[in-house]
Amino acid sequence: MTQGLDRITQQPEMMGGKACIRGMRVTVGMVVSQVGTGRSIEEILADYPYLEREDIMQALRYAAWRAEEREVMLANA
């Protein structure tokens with residue numbers, strides 16, 4: 001994972017190994033989806049008081065990083 005994403009965790013036993021916020025059952029996908037539907041950071045924080053602004057910002061940075069990843073096909077050895 002890229003540096004600066006210390007609030008993003010992935011554990012096989014939690015949420016099927018999806019990227020989560022600080023080991024909670026809140027996935028990056030859920031946070032990004034909330035932003036994508038037009039909800040403001042303030043609205044999300046009001047609905048999820050255990051989240052912090054930096055959690056949301058890191059979720060967005062993580063999603064952007066994953067969107068930029070490229071798969072490289074390796075030649076068979």
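Which residues is Tyr-50 in contact with, leaving aside its neighbours within four places in sequence? I started my notes there, keeping in mind that this is a predicted model.

**Tyr-50.** I looked up its contacts and got Arg-22, Met-24, Val-26 and Asp-55, with neighbours within four places in sequence left out. Tyr-50 sits in the loop between helix 2 and helix 3. I checked Met-24 separately: Tyr-50 and Met-24 are 26 residues apart in sequence, but 9.5 Å apart in space, C-alpha to C-alpha.

**Arg-7.** Next I went to Arg-7, which lies in the segment before strand 1 (8-9). Buried or exposed, I wondered, is Arg-7? Its relative accessibility is 19%, and the cut-off for buried is under 20%, so Arg-7 counts as buried. Arg-22 and Asp-55 had already come up in my list for Tyr-50.

**Core.** I then asked for the largest nonpolar core and got 13 residues. Ile-8, Ile-21, Val-28, Val-31, Leu-51 and Tyr-62 have the most contacts inside it. The elements giving two or more residues to this core are helix 1 (28-36), helix 2 (41-47) and helix 3 (53-68). Helix 3 gives the most, with three residues.

**Helix 1 against helix 3.** I wanted the geometry of this pair. Their axes come within 9 Å and cross at roughly 95°, so I noted helix 1 and helix 3 as roughly perpendicular to each other. On the helix 1 side, the contact is made by Val-28, Val-31, Val-32 and Val-35. Helix 3 brings Ile-56, Ala-59, Leu-60, Tyr-62 and Ala-63. I sorted the residues of this contact by type: nine are nonpolar, none polar and none charged.

**Helix 1 by itself.** Which residues of helix 1 are buried? I found Val-28, Val-31 and Gln-34. Looking down the axis of helix 1, I see its buried residues fall within an arc of 130°, so they line one face of the helix.

**Last entry.** Just after helix 1 I checked the backbone at Gly-38, which takes a positive phi of about 100°.

Notes. Residues numbered from 1 in each chain as written. Predicted model: local features only at pLDDT ≥ 70, side-chain atom pairs only at ≥ 80, totals over all residues. Heavy atoms only, no water. Core = buried A, V, L, I, M, F, W, Y, C linked by side-chain atoms within 4.5 Å. Buried < 20%, exposed > 50% of the residue type's maximum accessible area, 1.4 Å probe, protein only. Helix = DSSP H or I, 4+ residues; strand = E, 2+ residues; numbered from the N terminus. Axes fitted to C-alpha atoms, helices over the stretch in contact; angles between N-to-C directions. Parallel < 35°, antiparallel > 145°, perpendicular 65-115°, else oblique. Contact = heavy atoms within 4.5 Å. Nonpolar A, V, L, I, M, F, W, Y, C, P; charged D, E, K, R; others polar. Arc of directions from axis to C-beta.
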